[in-house]
Amino acid sequence: MSADAADLLCPVLVGRDGEAATLVAHLDAACAGAGRLLVVEGEAGAGKSRLLRHVADVAAARAVPVLTGRAVPGGSPLPFRPLSEAVLVAGRRLRTADVPDLVGFGGALARLAPDAAAAPPTAAESPLLVAEAVVRLLRHHGRDRGCLLLLEDLHWADAETLAVAAYLADTLGDEPVLCVASTRPGPGPVRTALLDRLPRGAVLGLGPLGPDACTSMVAACLRTDDPDPALGAFVAGHCDGLPFMVEELLAGLVSGGALVRAGAGGWRVTGPLTPQVPRSLAESVRSRLEQLPARGIDVLGAAATLGRRFEWELLPGVAAVDGAVAVEVLRAAVAQQLVAVDGTRFRFRHALSREAVLAELLPPERAAMAGRALVAVERGHPGLPAQWCELAGSLAETAGLPGRAAALAVESARRAHRRGALGTAEAAARRARALVPPGSPVAADADESLARTLAEAGRPVEAREAAARALPLLDDDPARACDLLLVMTRAAIAAGAADAAALLAAARATAARAPDDDAVAARLDAVDAHIALAGDDTVGARALADRAVAVAVRAGAPEVECEALEVLGRTGSTPAERTGAFDRIAATAERHAMAHWRIRALHETALTTWGPEGRRRVAQVRRLAVDAGALVTVAQMDLVRADRALSAFDAATCLDAATRCVEASRRYGLASLPVALLWLAGGHALTGDVAATEAALARAQDAAPGDPRILADAWGRVRARLAQVRGDRAAQRAALDRSMVHTRVAPRTGSVYPGQFEWAVLCAIDDDDLGAAARAEIADSMMARNGFDAPVLLSQAVAHGRCGRAALAAQAVARARGKLAQLGVQDWAIQVMLLVAEAAVRDGWGEPVTWLRESEAHFVAVAQEGLAQECRRLLRRAGAPVPRRRAGDPDVPTQLRGMGVTGREFEVLVLIADGLTTREIADRLVLSPRTVEHHASRLLARTGRRSRAELADLLRQTG
């Protein structure tokens, strides 16, 4: 085994939180004097040892003595072996005469740990005396902090050990000892001697891990947060939920070279994912196969050829045996626990058991069996519905029929594509290409399917390459050639390529050679609308999209309808118009089972939703896109995450999301690369790292030379943020001034350019004209013209405040904050509100103390201590108390922090909302009732509420 393969043991406990919590709770009880014996029951590989190791680690961290013993397989097990191993170290150098509880038990203890005995063991020492000696020894070791005894693999234990375990179950209730044993399920001595005698709740059954837990374990084994989705799905599908199998499968892939390291902390899949059978399992299966009736290997070989689950009716034809023979072999295989009954069908008990059976067949035997199985499957399932198509393709490949296998793989790819399973579709299309020579009709089919899949997965460069290979072979089919040219056009739009219009022109020319088709005409217009939108021709884009939607509905082309509606959604003049278009896309996609269009519609609505709901939607769309293999959407969601994290001053999230988007954009040739690099620079700016910020900005500008959109935000969002984080007001203003030079010439539809709003507020604070020119300029921005004028109101408020119009200033801020709260974008305007609060403190108007407390709480939450200190400095200037933060303070919601609620007062508020009385709160928080009443009174005064019921309502409103 390679070093990499050996390093794949899972470093953490996964999927066993409930069982771990139960064991730790009983450890706590044992340390308090209420001991117990618990048994963890689970099949081989279920993670029993790992769970026991977890509770042992907890005990060791608390300095609780841990004694461990293990039974081992063998025809004649040594008496007391697990107990001897457990107490050997504990009893060594221990004189029983020095321990009152052990006086008289030297002979019994000598049977376990000879060095501990004052007297030699004798045959007269019964197992019960040995058991009592164990209890007394454990009591001695647990007298200070408790004691933990672990007995592993009791299914191999001798009768004497089981008798001691049963005694421990009866006697540990008053001892500072927890004993945890492990065993496998099934009938036998462990059940009759121990398990059946235990009280309810003493046996913890370990079932299989679910798919999500298996994927989490893959991530933990590989020490990565983002494993390849296909790898996670492969392991989850083959491990039967057994942690041991997860590690074995990964080790097999690494040893076989299909999974290799890719830089620090990363892994890359380089070959087909095929399971490797552990040697111990192969030997076990081989020995059980030898116990089957004659022709047993033929029948089970046929079953394994058909898959993990198989129809018994197909076995006689595939194995070339009589039906009665097949049934006889199946009955024996069930008895040998190789196969299990699964409704009216059968299945191999473990996925790797099936692989072990296949390994027993010679290559010619496997090929012949696969050929017979292909015939049986095609006869038994005409049209090869559902999974039968994939199975038939695999059988054809094994049988040595590459042309048939490739055709079936193309059909599988098309079906997966229609379901939105883009990763599966890509794999099937690539498999088809590998099976047949280039230039063949099937190869053209495979490339055509691959091009469509890669385009929707957000890999435009690869999509164009695949389409270019297929296009020359479709010259006699202009309809298909036109459709493939449109795929190439879409890919060019996604990659920001300059030849999108030329490709569309070629598609129109090709369509002219085909019979008239309304759906094709609508598709051409829909793609043309996207080209117009990319060129900032909003009017032209809407006209083309409107026409495409009308024709697509009439022609019954829902996919074209969605493509055109996307343009209408992006160019809508009101939020309702935009949302309506995307809702219609989602409904159409749902009705016609077009998963990728549903993801795209959700993607667009996520872009227009902010606050916690916006974060939830972005995360949802990203998960759906990862599952579907829609990599362009994954990258776009990472871009959104980075953008919003930059606005919220969340450096860690901004850097993580931007880095992911940069990597994806480079790997797949996406047009998002310059903006991703821009937000990466923003993440570095939030940390105050000048060199890293400027390096990322240089790369962003190299990726889009002279683009005013990039330059406007480079100065207005990134360098302005760097200056603010570093406390350099002059540099901040200079950066914002530079940003406006580029904002004025940048396309309005390219970005919001939020730096312009910050610039207007600074102009209102500092300039002689009260920022009048700046305020007039931003009032004409696309954002303000679309109805969102909160930033304009904030700059007006500052101007009113400078002129002594305090009431007007306060009203303008109240209206702006209301609009920000309605959309959930308070974080987006956090830096502007800090500037407004500074102006209000200086000019004596509004509620700057409330605003500064909210800002201070936010900056503390995102680890921006410098800006939090700036808020505290301004609070001191305003004559307000400065928040005191103690270690362990709870996170007070921003709204409450703005009201001046402290961490301790928030704790009291939570308990008030839970309905506790003053006395109960005092007991819970270890305070005097008078102090609790004092906190309650301050809460009422700070929040303006009149009763505890109103306080509870307020807490619920803050979430």
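**Aromatic pairs and charges over rings**

Tutor: Phe-310, Phe-346 and Phe-348 are joined into a cluster by ring pairs. This is a predicted model, where local features need pLDDT of at least 70, side-chain atom pairs count only at pLDDT 80 or more, and totals for chains, interfaces and linings use all residues. Residues are numbered from 1 along each chain as its sequence is written, and side-chain values use heavy atoms, with hydrogens and water left out.

Student: What about Phe-310 and Phe-348?

Tutor: That pair is tilted, with 5.7 Å centre to centre and 55 degrees between the planes. Phe-310 is in strand E8 (residues 309-310) and Phe-348 in strand E10 (residues 345-348), so the pair ties together parts 38 residues apart in sequence. Strands here are DSSP runs of E, at least two residues, and helices runs of H or I, at least four, numbered from the N terminus.

Student: Are those two buried or exposed?

Tutor: Both Phe-310 and Phe-348 are buried, meaning under 20% relative accessible area (1.4 Å probe, protein chains only).

Student: Okay, new topic: which ring does the charged end of Arg-717 sit over?

Tutor: The ring of Trp-679, 4.6 Å from its centre. The test is NZ of Lys or CZ of Arg within 6 Å of the ring centre and within 35 degrees of the ring normal. Arg-719 lies over the face of Trp-715, at 4.2 Å from the ring centre.

Technical notes. Phe/Tyr/Trp six-rings, centres within 6.5 Å; stacked < 30°, edge-to-face > 60°. Buried < 20%, exposed > 50% of the residue type's maximum accessible area, 1.4 Å probe, protein only.
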